[in-house]
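Please look over the sequence and the 3D structure below. The questions that follow ask what lies behind some of the terms used to describe them.

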Amino acid sequence: MNGIIRNSEIVALLAITAVFEFLFPTPSALYLDLPLFFALYIGWYSSPAKGAVCGIAFGLLQDVFSRSYLGLNGTSKTLLGFGGSYLSKWLVLESFLARCVLIGFLSLLDNVIVIAMEFLLGQPIQQGWLRTLIEIPVTGILGGGIFQIYDRVKFPHKDFRRL
Amino acid sequence: MMLLLQRKPFVSLAALLLTNLLLLSVQVRNEEGRVLLRSWSLLVFTPIASTVHFLTDGITHAVRQYALLYRAQQENNRLHAENARLKVELAQLQGIKSVLARRQGYQLLQEQFLFDTFLAPVIWKSAPFYAHRLVINGGSRRGIQKDDAVITPEGIVGRVWATTPFTAEVELITNAGAAAGAMLEDSRLQGVVQGDGSTLLQWNFIPNYESVEVGNIVYTSGTDRIYPKALPIGRVTKSSKGPAIYRKIQVQPFVDYLRLEEIMVVVSE
């Protein structure tokens with residue numbers, strides 16, 4: 001599946017993320033963790049190493065625009081991009097609901113990692129619990145939806161009866 | 001590069017996480033305002049540095065201790081040698097002291113008598129079981145003649161048996177055949193003390209009816225024309241009636257003939 005996500009595609013997704021983060025820097029009112037979603041998506045359809053590299057790229061981009069410490073989201077996205085790739089080998093997520101739950105769970109994990117790192121570094125914790133609780137379902141549902149749409153674009157449904 | 005990362009995904013993950021960690025460590029400051037990287041590097045390198053310091057310090061200390069022990073060993077050897085030398089010196093000094101003490105005794109003895117005396121060291125002694133004789137450093141050149149009395153502050157020793165110009169041979173009173181006139185201190189009872197070749201003396205010619213107790217002290221009587229009167233001879237150790245008319249009396253001499261170093265010769269005119 002490595003060939004599914006092309007490098008140009010990754011660059012385009014990075015650009016989209018940069019624009020999104022520029023317009024709605026984290027913590028934004030949209031409660032959508034788009035970099036997490038993209039990192040997961042690339043990891044899902046490519047190798048663990050590529051997922052990790054894309055994870056760090058999206059995470060650092062998020063850190064730049066959110067003006068938090070560089071590497072805070074980078075670390076969590078690296079881990080989740082790497083882990084997402086392994087999850088694709090063990091889980092079969094075809095249904096929309098399953099994808100929403102998984103992305104929501106990984107969003108929770110992302111927040112937990114960031115909070116834990118802030119705690120370990122002795123820094124004030126920026127994430128509020130309420131915001132985290134809202135972000136998890138929003139990211140899960142919107143991520144699941146984008147995942148579905150993206151899948152349709154990349155892998156269009158073919159009606160073999162008409163062939 | 002990507003191929004390498006894909007072959008070893010966990011290595012790539014570790015490398016990326018380390019990159020993030022380094023990025024964070026150069027930005028985040030701790031409560032003291034110090035960059036975390038510095039704090040962490042201190043945290044990592046301080047134990048290493050302290051371990052290295054501990055090891056070098058330990059080695060230095062061990063080497064110093066070894067050197068100290070080596071020097072202590074040398075010092076110990078030197079002190080042992082010095083101690084041995086001092087022991088020898090002490091023994092010499094004690095010998096000199098005892099000689100001086102004896103000389104004092106001889107001087108007192110000399111002052112008791114009106115006649116001339118000559119103090120002479122013993123230069124040769126025979127084995128006591130072989131012959132009761134000794135040789136002194138002093139002979140006819142010093143006025144020593146045959147039959148001169150030989151005494152010590154403890155008691156009589158014997159008489160001069162033969163002389164040469166520089167030495168004289170002394171017959172001990174314990175020699176078989178040697179004799180001296182003797183008497184008791186209190187009763188003034190007189191007899192003849194004779195040697196029998198042993199370390200003890202026999203006091204002869206005391207009648208059985210006379211009372212001689214063990215522990216009585218026997219002195220020279222001066223009747224033999226060799227020994228001056230009233231010199232101590234010894235102590236009675238055994239006294240019993242004899243088979244004939246004389247008692248059997250044994251006398252232990254005061255002089256320890258085995259330990260004689262110097263004697264005094266009573267030089268006759």
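**Salt bridges and a helix crossing**

B:Glu75 and B:Arg78 both lie in helix 3 (residues 36-112) of chain B, three residues apart, about one turn of the helix. Helices here are DSSP runs of H or I with at least four residues, strands are runs of E with at least two, and both are numbered from the N terminus. This is a predicted model, in which local features need pLDDT of at least 70 and side-chain atom pairs count only at pLDDT 80 or more, while totals for chains, interfaces and linings use all residues. Residues are numbered from 1 along each chain as its sequence is written, chains are lettered from A and ligands numbered from 1 in the order in which they are written, and side-chain values use heavy atoms, with hydrogens and water left out.

Q: What makes the contact between B:Glu75 and B:Arg78 a salt bridge?
A: A salt bridge is a side-chain nitrogen of Lys or Arg within 4 Å of a carboxyl oxygen of Asp or Glu. The side chains of B:Glu75 and B:Arg78 meet at 2.8 Å, N to O, so the pair counts as one.

Q: Why is B:Glu75 called partly exposed?
A: Buried means under 20% relative accessible area, exposed means over 50%, and partly exposed lies in between, with a 1.4 Å probe and protein chains only. B:Glu75 has 37% relative accessibility and therefore counts as partly exposed, and B:Arg78, with a relative accessible area of 43%, is partly exposed as well.

Q: Why is B:Glu171 called buried?
A: The relative accessible area of B:Glu171 is 4%, so the residue falls under the 20% limit and is buried.

Q: Which residue forms a salt bridge with B:Glu171, and how far apart are the closest N and O atoms?
A: The partner is B:Arg159, with the closest N and O atoms 3.0 Å apart. The pair links distant parts of the chain, with B:Arg159 in strand 4 (residues 156-163) of chain B and B:Glu171 in strand 5 (residues 168-172) of chain B, 12 residues apart. Salt bridges that share partners join B:Lys146, B:Asp147, B:Arg159 and B:Glu171 into one network.

Q: Why is helix 5 of chain A called oblique to helix 6 of chain A?
A: The axes of helix 5 (residues 96-120) of chain A and helix 6 (residues 129-154) of chain A come within 7 Å and cross at roughly 135°. Angles under 35 degrees count as roughly parallel, over 145 as roughly antiparallel, 65 to 115 as roughly perpendicular and the rest as oblique, which makes helix 5 of chain A oblique to helix 6 of chain A.

Methods:
Axes fitted to C-alpha atoms, helices over the stretch in contact; angles between N-to-C directions.
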